Amino acid sequence: MRSAPIEIVRVPTEARNSGTNDIDLLPTVDILRLINSEDATVPHAVAAVLPELARAVDLGVAALRGGGRVHYFGAGTSGRLATMDAAELPPTFGIARDRVVAHHAGGTEALVHAREGVEDDFAGGCADAATVTAADLAVGLTASGRTPYVAGALHRAREAGARTVLVTADPHSALAADVDVHVGVATGAEVIAGSTRMKAGTAQKLVLNTFSTAVMVRLGYTYSNLMVGVVATNAKLRGRMVTILTEATGLSEEVCAEALSRADGDTRIALVCLLTGVDVPTAADALHAAHGSVRAALRALARP
């Protein structure tokens, strides 16, 4: 029987953390303090790469504004975080479900049952990126900065003419040479050596949340800091929509609920109606012309 191939990976996330050597000898609360102190370093590491992340956001805005899509590619923890981020955008901001798409190595089954070998499939990454076009943005996520699946996806995306972003926990990733933007977060050695579901995963969660939220804000899917594109799928969310309207206009809940009803549950149409006094068709036309941006619709209607 032939032995399985062995590859020694020397990247920051695989290093041993000298500060946690005795973690298995500590009482429970001290284990938690040690993990928490390591976790506290992650936001500072993300802050150091905000200029690169801003460039990635601008590429995402350009792709979506130009009719393209944003594609996430990842394996393991990276793919699961990407899938969660993409899934939460439509109900939060009202963006169509096919505009930000997550691709996870190994497909849907690998989301709940780990299939570690699929991350080494360069051809699989290429295949999953087959739908990427020159109008799109491809975002590859890999804690180690070397995952073949992600490398394959970005390779195929570049061949299609798409812009590319790489998110890693290795500032010196070899894959960075071939992408438009590298967001390399220096999270360092993990509490448990190689367990990138921890600090590296936390960093990727922060990067994804920050990236997608900033893209939505830049595209006008919010009004001020309010989620005016939220999709109301239950009574709580319908109540939230009324609260959003009262916060944005200063009007009573009764007036806002009536406007929301006239707008057939569309918060943005109701808001434009309340702020300008125009009727529903006029507000709807203004929003359509403004690609859904309340601010732009208000400017078009010459209202402050």
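**Basis.** Residues are numbered from 1 along each chain as its sequence is written, and side-chain values use heavy atoms, with hydrogens and water left out. Because the model is predicted, local features need pLDDT of at least 70 and side-chain atom pairs count only at pLDDT 80 or more, while totals for chains, interfaces and linings use all residues.

**Overall.** The protein chain holds 13 helices and five strands. Helices (H or I, at least four residues) and strands (E, at least two) are DSSP runs, numbered from the N terminus. The C-alpha trace spans about 75 × 50 × 35 Å along its principal axes. Of the 304 residues, 46% are buried; buried means under 20% relative accessible area, exposed over 50%, and partly exposed in between (1.4 Å probe, protein chains only). Contacts (heavy atoms within 4.5 Å) are counted here at a separation of 6 or more, and residues 24 or more positions apart account for 66% of them.

Two packed helices are described by the angle between their axes and the distance between the axes. Axes are lines fitted to C-alpha atoms, for helices over the stretch in contact, and angles run from 0 to 180 degrees between N-to-C directions.

| Pair | Angle | Axis distance |
|---|---|---|
| α9 (235-249) and α11 (267-276) | about 30° | 10 Å |
| α10 (253-262) and α11 | about 120° | 8 Å |

The angle makes α10 oblique to α11. α9 and α11 are therefore roughly parallel. The classes are set by angle: under 35 degrees is roughly parallel, over 145 roughly antiparallel, 65 to 115 roughly perpendicular, and the rest oblique.

α9 passes α11 in a right-handed crossing. α10 also passes α11 in a right-handed crossing. A crossing is right-handed if the near helix is turned clockwise from the far one by less than a right angle, and left-handed if anticlockwise.

From α10, the residues V255, C256, A259 and L260 touch T267, A270 and L274 of α11. That contact has six nonpolar residues, one polar and no charged. From α9, the residues M241, I244, L245, A248 and T249 meet T267, A270, L271, L274 and L275 of α11. Here the count is eight nonpolar, two polar and no charged. Ala, Val, Leu, Ile, Met, Phe, Trp, Tyr, Cys and Pro count as nonpolar, Asp, Glu, Lys and Arg as charged, and the others, Gly among them, as polar.

**Two faces of α12.** Helix α12 covers residues 280-289, and A283, A286 and L287 are buried in it. These three cover an arc of only 95° around the axis, which puts them on the same side of α12. The arc is that of the directions from the helix axis to the C-beta atoms. An α-helix has 3.6 residues a turn, so residues three or four places apart point the same way. The buried residues pack against α11 and α13 (294-300). P281, D285, H288 and A289 are exposed on the other side of α12.

H291 follows α12 and lies in the loop between α12 and α13. Its phi is near 55°, a positive value in a residue other than glycine. H291 is exposed, at 69% relative accessibility. S224 sits in the loop between α8 (199-218) and α9. Phi of S224 is near 60°, again positive in a non-glycine residue. S224 is partly exposed, with a relative accessible area of 46%.
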